[in-house]
Amino acid sequence: MEKRILVRMRLKPDVGIQLGSKQSVEWIGRGTCTSTVFSEDRVEAVDYRRQYGIDLRALEVCSQSTKVIFNNTTSSSPYFLLTAFPGLELAHLWISIPVCCLYIIALLGNSMILFIIMVERSLHKPMYYFLSMLSTVGLCLTISTLPTVLGVLWFHAREISLKACLIQMFFVHGFSFLESSVLVAMAFDHFMAICNPLKYATVFTDMIILVMGLVICLRQVIFTFPMVLALKSVSFHSGKELSHPFCYHPDIIEYTYSSPWINNFLGMFLQLYLTGTDLLFILSSYVLILRTVLSIVAPKKQQRALSTCVCHICAVTVFYVPMISLSFTHRLLSSTPRVVCSILANVYLLLPPVLNPIIYSLKTKVICQAMLQLLRFKGSRTPSVRRLRGQWD
């Protein structure tokens, strides 16, 4: 349950404070249950901290230097307070059960697809290379948010330092943009396979795919690192409560001392430039694919060509709809309830890594058969299974 503190300071008339000479001042913060009373000659502090937030151990009144010093034993650098589901703090333990199950599905599903593509030699093709990139990005994105999400739900570990927050934000946004670029590469793969099948083998060689992967990674680092570096020199209000259980750029820049419009504009520009151009390229590819498919006379060939794009269309929808919704909610709809933003954020981070393995394993027969064979091998040690393993080798 969220805790708020109210510290009342009663000072003598001849004692001043940094905010002005007043006899009664109220300071309100979040994250603890500390009640502190200033007497005339000494400071009396009573701490009811429990397991929440920050522990204020000592407060000192300096009448000559006219200031109040708060000695924070938890952190001397700026920090933020993470939030999982605002207003549902008492149900965090129950909410953590489905969230933990989703994380397990995302980790096991993407790991299994990676393992199957590595082991099954018939899947060593460009389409499955890009699928392995998508699974790798899903794994990395899941791992980058798992500690803070489960930490908030299980242990009420809400406090996160500015440095740790910036590092997590770099990985969250970097892998999100990386997933967008991988979806573009997969759209180009479908475009070449349907519209220019004769040139497909000459374009998508192993070396070209490797270069494409390196360019995609380098592109994200070049654009994401300056965004995080620009925030490192910005001063933040310490102890502010974020809207999510992870660090998200539009959420953090609201608590800068200076005007956040520069960083907000930079974040919006990167969002529109990277994901906007990626989405435009994907839509253009499918317009050309649809035109080519409609020119095919045989209905069965049309259906076969379109069926190869179903998984990718689902992956694009699952990724872009929550991302665009969350971004616009933060930047344009400031009056949206915080619980709605929190639900959108968790959907944005968990839905693609969870659903992508399910979609591709159900719609791709080769992956589905290989996955079933893998599960049989895990659950049995019969000679027939050993012969199946020999077929993989």
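These are my notebook entries on a predicted model of one protein chain.

**Ground rules**

I number residues from 1 along each chain as its sequence is written, and I use heavy atoms for side-chain values, leaving out hydrogens and water. Since this is a predicted model, I take local features only at pLDDT of at least 70 and side-chain atom pairs only at pLDDT 80 or more, while totals for chains, interfaces and linings use all residues.

**Overview**

I looked up the elements first. The protein chain has 12 helices and nine strands. I take both as DSSP runs, numbered from the N terminus: helices are H or I with at least four residues, strands are E with at least two.

I then checked burial. Of the 393 residues, 45% count as buried. Buried means under 20% relative accessible area, exposed means over 50%, and partly exposed lies in between, with a 1.4 Å probe and protein chains only.

Next came contacts, meaning heavy atoms within 4.5 Å. Among contacts with a separation of 6 or more, 72% are between residues 24 or more positions apart.

**The cores**

I searched for nonpolar cores. Such a core is a set of buried Ala, Val, Leu, Ile, Met, Phe, Trp, Tyr and Cys residues joined through side-chain atoms within 4.5 Å. The largest has 52 residues, and Leu131, Leu183, Ile282 and Ile289 have the most contacts inside it. The elements giving this core two or more residues are α1 (92–119), α2 (126–155), α3 (162–195), α5 (206–232), α7 (261–294), α9 (310–331), α10 (338–363) and α11 (365–379). Helix α3 gives the largest share, 13 residues. Apart from this core lies another, of 26 residues, including Val99, Ile160, Leu231 and Ile253.

Which residues does Leu131 contact, leaving aside neighbours within four places in sequence? I found Ile113, Ile117, Met186, Tyr360 and Ile367.

**Helix α5**

I turned to α5. It has 27 residues and reaches 39 Å from its first C-alpha to its last, close to the 39 Å expected at 1.5 Å a residue. The expected span is 1.5 Å times one less than the number of residues. The buried residues I noted in α5 are Ile209, Gly213, Ile216, Gln220, Thr224, Met227, Val228 and Leu231. The buried residues of α5 pack against α2, α3, α6 (249–252) and α7.

**Aromatic pairs**

I counted ring pairs across the whole structure and got 14. Rings of Phe, Tyr and Trp (its six-membered ring) pair if their centres lie within 6.5 Å; planes under 30 degrees apart are stacked, over 60 edge-to-face, and the rest tilted.

Trp154 and Phe155 form an edge-to-face pair, 6.2 Å centre to centre with 85° between the planes. Trp154 is partly exposed at 39% relative accessible area. Phe155 is exposed at 59%.

The rings of Phe223 and Tyr273 have planes at 40° and centres 5.3 Å apart, so I list this pair as tilted. The pair links distant parts of the chain: Phe223 is in α5, Tyr273 is in α7, and 50 residues separate them. Phe223 is partly exposed at 24%, and Tyr273 is partly exposed at 36%.

Ring pairs also link Phe130, Phe188, Phe191, Tyr200 and Phe204 into a cluster.

**Two residues looked up**

Phe191 sits in helix α3. Is Phe191 buried or exposed? It is buried, with a relative accessible area of 17%. Not counting residues up to four places away in sequence, Phe191 touches Asn196, Ser285, Leu288 and Ile289. Phe191 and Thr292 are 101 residues apart in sequence but 9.5 Å apart in space, C-alpha to C-alpha.

Gln271 is in helix α7. Gln271 is buried, at 7% relative accessible area. Beyond residues up to four places away, Gln271 touches Phe177, Gly276, Met323, Ser327 and Arg331.

**The sheet**

I traced an open sheet of three strands in the order β8-β7-β9, with mixed pairing. Strands pair if DSSP finds at least two bridges between them. β8 (159–161) and β9 (240–241) each have a single partner strand, so one side of each is left without a neighbour in the sheet. Strand β7 (residues 79–81) is joined to β9 by two bridges, and these strands run parallel. Leu81 stands opposite Glu241 in β9.

Helix α3 lies across β7 and β8, running at about 85° to β8. For such angles, axes are lines fitted to C-alpha atoms, for helices over the stretch in contact, and angles run from 0 to 180 degrees between N-to-C directions.
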